[in-house]
Amino acid sequence: MKMSLVGFLNLKSKQSWALMILVVAVCFGFGFLPISFLAVLTIDREKAYDLITQNLSNFGSLMGIGLAILAIIFTIIQISYKRLTIIQIVIENTYFIPLFYYGAINIGLSSFLLLLRHSEDILATFSYARIAVVETYLFFAFVIGMCVVFYRTLQFINFENILRLYLNQNMFLLRKEKKSSLSPSERERLEENYLELTVEVEHQLSERKIRTLYTMMEHFRSAITLNHNSIFLSEYANAFSQWFTLGILTREKRMVRAMYEEWYKLYNTCLDPNDRNKLWFANQLPINVFAQYLSTKDHNVRLILQDGVLIRIKEYAVFGFFSLSKNGGSPITKEIILYYDVAETFQELLHQFVRENEFDLLNQTLIDLKSGKQFLGADDDYDEMEDPNLELIAKEKQELDWLAHAHLLANYFYEMPFYSFCYLCYSIAEGQVPWSEKKPIFESLLIHLIRKQPSKIVLMAIKMFEQSDSYPRMPIHDWVRSDQLVQDGKAYFMENSEVILAIGLLALFSSLILEDINLSQADIEAAESFVRNIKTTITRYENNDHLVYLLRVADTTEVGVKLEFVNQFLDNIKAGADHYREIDLIQTPLSQDRITAFREMIYQQWEEGRDISRLFESTGATVLNPDKEDKLYYVGMHRINLKGGRSYFIENQRQHFVGDFSFGHRTNDQVIELFWRAVKQNAEIQKSQFHTMILGLDFIIENFPFITHVVCPWLLYQQHLRSLTESGHFASKDDQIGKVTSGVFKDRLELIPLRRRANPNEIIGLKLPGSVVLQQRTSDAWMDGKLQVDVIEINDTNVDQTLLKSTPPGDPNDPKQVQKAKTGVILEIDETMNFKVLDPTNVVIITIN
């Protein structure tokens, strides 16, 4: 019904035109009724003309006077409420527009009838007289309409009526925006409405008009509920904080209470677990209130913040979370995140209080955090959830999920001041803030933190370092980024959060009895990052003058003593971690899959670089399994003790075979060295020197007609390849990767560059087969029958012998040495072989200078 009436009063709608046509039709119908006692219906044409003239005069006079009076009233209303654009609203809601067009149409009709005074052929006298009478009826309707317009207009002298319509119109635009159907002009109108309403709110605050304030604040809350991402609300969080402060500054109890109630309602409205952006909006409110307090330093604002805002946050974070236990064991997801985010507001406020030296606000926050943690089930010493009743409730309701999150939230209530304390210690150590100014804040945080059992402090820190930057809700990195002053053209170093945590822990450790700290095996094994980061931080800050303050000692000498205690404590943890890790390593069996993968890797390395062995094999210059009187050598890594290497051969370890595990390549290097040594040690072999490789090769061709192959280092080959190619006597075969021969010189000598290590400036000419023979032992158990790759476990049967053969020798009677030795493995990676010179006259060594 309301929407239909609005349509009738909107000139642009079809209903409005239908209303005017209906009125005219009724009047015409009534005018043409054959009512005999109305003598006026039988008037002649001249009298009808006079009646029309009178109606025209009446319409014009009444319309002119009415318009003038309404214009004056509209102007007075707009001047009185100049902060809002209300003329259009007033005009639209007083039925002025339809009435104006109604009068204008009737004036036009009367004027047209006057022109037909003597035109009986166009309009008969009977009809002319009847229309004149209808115009009289229409004038009576116009008078009634004018009265209604005046009545409606006078109603808008009351600002509440105008404001209600103004807000309704704005809500209409907000709904269109939600549907993404706003036109550019409507979008501009919505932005203007926000600016006008903010000015009006400030005016109402100054006038102490609480009732009107309630109306406008409720409109803003409705807008947030409808669409908190609206352009209408883009700056509302800051604006409300300013209004909140202005209301407090009035010093009027009713206004202070009203603004606090509005803050509470708005905060409650924005706590929506289904919308993280709206939740962010809520969490900004208390932070903005503190920002307003900083700008005014008003005592009343501080009291509201201390005794009202902080308590409300605690109520939502703790009591609201506790109420989730009534969900009958249903999964808790978004609600959990909601209460974490609400509690996170404490974290940012704590940081602000510490930075701005707000001692009272800081202490109140610490009290709220402590009471919140106690409500969640922790005792006064911040122990973990030891309330048996709470445990019973959780088990009875099968809400173990909720209980686990209660643990996490309770711990978070301790971690929040810990983060602020660490960041404060870092700022003091770096000289960013003066100690004299921050000492009360430092001591207050320290007293709060050391209530927790020392072992639990260390356990908390171990988990933080273990997860590093992925630790949930760690704000330190954001603080560093926001507090760092950045200038164009200058490089900056972003401090790691681990350093900031470590410097805070050093300050905490100075007030703890480290000898009383007991950690479980699991905690000690997870403490690697914890120990490493704190030791690194000690090294960085050990000569820092500000540590005197943080460690609460008299001079730098005592700083050294304190740090030594901490280092000893960390060394004990590391020793314990190593002990447990070694035991776990020894008790875990070796993985045959890992051993197989290792053997395959070594074999591939060996196969890639065995150029010298492949040369002898391809020319038939090999003797397999020679007589025992021929001396053979172990070539490669013979019985190497890989200390701590057991971890590489255990499943689910992160160790990879990289770096020093190139044992296959190193075996090939030793094969080449063996070959070079066997040839060079034979005194009967001729040796010569030349400046270029071409001269050396020509010398071999001219003086050793039976030599067929020349081996040389790869680098030397690359250095002379261009000259060899340009000589026109060298046919390169470098494209034949994996083949023995890389080129032929003068169709006589096959040139073989060795890709592994060899003497850098020597080449050796050989007659193959015939001059040198490769003697090699084979076995079916070896890879390719030639390469032995074995991983031997160190256990009780061989550990004593392993220790005695170590460099330096170990003590088999020392349990610690025995345990550490068992974490290693023995590697057997070698070939059994030798090179034997048979005919030194067909071997030559050329040195290229």
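This is a predicted model: local features need pLDDT of at least 70, side-chain atom pairs count only at pLDDT 80 or more; totals for chains, interfaces and linings use all residues.

Student: What makes Lys574, Asp578 and Arg581 a network?
Tutor: Lys574, Asp578 and Arg581 are linked by salt bridges, a salt bridge being a side-chain nitrogen of Lys or Arg within 4 Å of a carboxyl oxygen of Asp or Glu. Side chains of opposite charge can pair when their charged atoms come close. By this rule the count comes to 19 salt bridges.

Student: Why is the pair of glutamate 186 and lysine 176 called a salt bridge?
Tutor: The closest N and O atoms of glutamate 186 and lysine 176 are 2.9 Å apart, and the rule asks for within 4 Å, so the pair qualifies. Glutamate 186 lies in helix H8 (residues 184-207) and lysine 176 in helix H7 (residues 159-178), so the pair ties together parts that are 10 residues apart in sequence. Helices here are DSSP runs of H or I with at least four residues, and strands are runs of E with at least two, numbered from the N terminus.

Student: How do you know whether glutamate 186 is buried or exposed?
Tutor: Its relative accessibility is 18%, so glutamate 186 counts as buried; buried means under 20% relative accessible area, exposed over 50%, and partly exposed in between, with a 1.4 Å probe and protein chains only.

Student: What does the salt bridge between lysine 836 and aspartate 630 tie together?
Tutor: The side chains of lysine 836 and aspartate 630 meet at 3.5 Å, N to O. Lysine 836 lies in strand S11 (residues 825-837) and aspartate 630 in the loop between strand S1 (622-624) and strand S2 (633-642), so the pair ties together parts that are 206 residues apart in sequence. Lysine 836, at 35% relative accessibility, counts as partly exposed, while aspartate 630, with a relative accessible area of 19%, is buried.

Student: Why is asparagine 55 called buried?
Tutor: Asparagine 55, in helix H3 (residues 45-80), has 3% relative accessibility and therefore counts as buried.

Student: What makes the pairing of asparagine 55 with threonine 136 a polar contact?
Tutor: Their side chains are 3.0 Å apart, and a polar contact is a pair of N or O atoms within 3.5 Å; within protein, one must be able to donate a hydrogen and the other to accept it, and residues adjacent in sequence count only if both atoms are side-chain atoms.

Student: Which residues touch the most other members of the largest nonpolar core?
Tutor: Of its 119 residues, they are Trp243, Phe418, Phe442, Leu505, Phe509, Phe530 and Ile534. The largest share of this core, 14 residues, comes from helix H17 (residues 400-429). A nonpolar core is a set of buried Ala, Val, Leu, Ile, Met, Phe, Trp, Tyr and Cys residues joined through side-chain atoms within 4.5 Å.

Student: Which residues are in contact with phenylalanine 530?
Tutor: Leaving aside its neighbours within four places in sequence, phenylalanine 530 is in contact with residues including Val458, Phe465, Leu505, Phe509 and Ile573, where contact means heavy atoms within 4.5 Å.

How values were computed: Residues are numbered from 1 along each chain as its sequence is written. Side-chain values use heavy atoms; hydrogens and water are left out.
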